[in-house]
Amino acid sequence: MNIHEYQAKGLLREFGVPVPDGFAVLSAEDAEAAARKLRGPVWVVKSQIHAGGRGKGKFKEPEAGDKGGVRLARSIEEAADFVRQMLGHTLVTVQTGEAGKQVNRLYIEDGSLIEREFYLSMLVDRETARIAFVVSTEGGMDIEDVAHDSPEKIKTFSVDPATGVMPLHGRTVAEALHLTGDLAKQAEDLTTKLYTAFVAKDMAMLEINPLIVTKDGRLRCLDAKISFDDNAVYRHPDVYRLRDESEEDTKEIEASKYDLAYIALDGTIGCMVNGAGLAMATLDIIQLYGESPANFLDVGGGASEERVTAAFKIITADPNVKGILVNIFGGIMKCDVIARGVIAAVKTVGLEVPLVVRLEGTNVEEGKAIIRSSGLNVIPADDLDDAAQKIVAAVRQT
Ligand code: GDP
Ligand code: MN
């Protein structure tokens, strides 16, 4: 789960992390009042979308102006003007894809005078099974580019969960950023607070880009991006409340209601599979035969007929889907349950594209019989390979 920058900063502020003051606004009318509450003389007006690269982004509509999605205002009036220009318009950045994202809220922030910009991020490193820090003197740039062009400018290290964060880690951050004296102390303090927040809220990723030194010698987080471990969000109702469904794929929201592991992709073959491994293999084999999957979907081991029906509806609701492949290896999941779910769904939503079904495992004969007697135009398949070839051929015929 991702949250907006202003929410991330609000959360970090609770942990004592230095972030500029600011207010989120949803309407142009609120903009002036928000800006007035801040000191000035510079205000930053920032588009709140779940994507980075806003500063260098471009709005689709000419009336939004050509200054990007993060703008420095020199007066309260200018800040309000920027809000009016950007609100409701579509921002395209390197991370949004061509379609861009509609800006429905803006964050008005106290402007900072920047002396130096750094990069700092934290993530759960699966290899070491620890929380890792990634620190670089090259702030405000894409860390991927830095890693490619000057990897020596990136310092990474991880924290042993048995000891937790220690002064040593803070000193490593300070050293990597060439900070000394009071700024080194601030870096140590920041490191501890960020680690504490990361663990306390079950974050999966935290990125501060840029982390800055202000002209008056303060370390500050100027941007903040946080994503949370979806499997732990239930422990944090305060975090869950920050969810912005308008930023998420509607099909994925619907899937999450039924506890389905669904991820929208951009191909044409809708997939309903049980088990994450089999689902991955199904995506691979579709690709092998020259087409692309429209989604990843693991209906899970103990899916009910209702869940299967919901899954099928989500797949057919995707206008890109030109064919559907149901691939079930019945272990805990029973083939007859899948068959009944598919038929129930087809009865309510109809079936306008070819459907290939491969069933194997528990109650397979019963499942096949249910499908045969349904009168539906289903293409049966014997195994994964056969199923993939059949759906690819069917999609190409339409
Ligand atoms: P992103 O483009 O989505 O990563 O958004 P950022 O929050 O990182 O803002 C983009 C850039 O705007 C930053 O890298 C800074 O260079 C600049 N910027 C943001 N806030 C301020 C500010 O308070 N003062 C100044 N001078 N520049 C800022
Ligand atoms: Mn940034």
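1. A residue is called buried when its relative accessible area is under 20%. S121 has a relative accessible area of 3% and is therefore buried. This serine is found in strand 8, and its side chain makes a polar contact of 3.1 Å with the side chain of Y119. The model under review is a predicted one, and the remarks below should be read accordingly.

2. On the overall architecture, the protein chain has 13 helices and 19 strands. Its C-alpha atoms fill a box of roughly 75 × 55 × 40 Å along the principal axes. Of the 398 residues in the protein chain, 50% are buried.

3. Which side-chain and backbone atoms approach the oxygen atoms of ligand 1? An N or O atom in the side chain of K46 is 2.6 Å from an oxygen atom of the ligand. For D223, an N or O atom of the side chain is 3.1 Å from a ligand oxygen atom. At N209 a polar backbone atom is involved, with a distance of 3.1 Å to an oxygen atom of ligand 1. On its own, ligand 1 has 560 Å² of accessible area, and the protein covers 79% of it.

4. With regard to the cysteines, the structure holds 0 disulfides. C271 is in no disulfide, and the nearest cysteine sulfur, that of C335, is 17 Å away. Likewise, C335 is in no disulfide, its nearest cysteine sulfur being that of C271, at 17 Å. A disulfide would require two cysteine sulfur atoms within 2.5 Å.

5. Are C271 and C335 buried or exposed? C271 is buried, since its relative accessible area is 1%. C335 counts as buried as well, because its relative accessibility is 0%.

6. Helix 11 (residues 335-349) deserves a separate remark. D336 has its place in this helix. With a relative accessible area of 6%, D336 is therefore buried. Its side chain is joined to that of R340 by a polar contact of 2.8 Å.

7. A further serine, S150, lies in the loop between helix 4 (143-149) and strand 10 (154-159). S150 counts as buried because its relative accessibility is 12%. How far apart are the C-alpha atoms of S150 and S292? They are separated by 35 Å, the two residues being 142 residues apart along the chain.

8. S121 is buried and has a side-chain polar contact with Y119; D336 is buried and has a side-chain polar contact with R340.

How values were computed:
Residues are numbered from 1 along each chain as its sequence is written. Chains are lettered from A and ligands numbered from 1 in the order in which they are written. This is a predicted model: local features need pLDDT of at least 70, side-chain atom pairs count only at pLDDT 80 or more; totals for chains, interfaces and linings use all residues. Side-chain values use heavy atoms; hydrogens and water are left out. A polar contact is a pair of N or O atoms within 3.5 Å; within protein, one must be able to donate a hydrogen and the other to accept it, and residues adjacent in sequence count only if both atoms are side-chain atoms. Accessible areas come from the Shrake-Rupley method with a 1.4 Å probe; for residues, only the protein chains shown count as cover. Buried means under 20% relative accessible area, exposed over 50%, partly exposed in between (1.4 Å probe, protein chains only). Helices (H or I, at least four residues) and strands (E, at least two) are DSSP runs, numbered from the N terminus.
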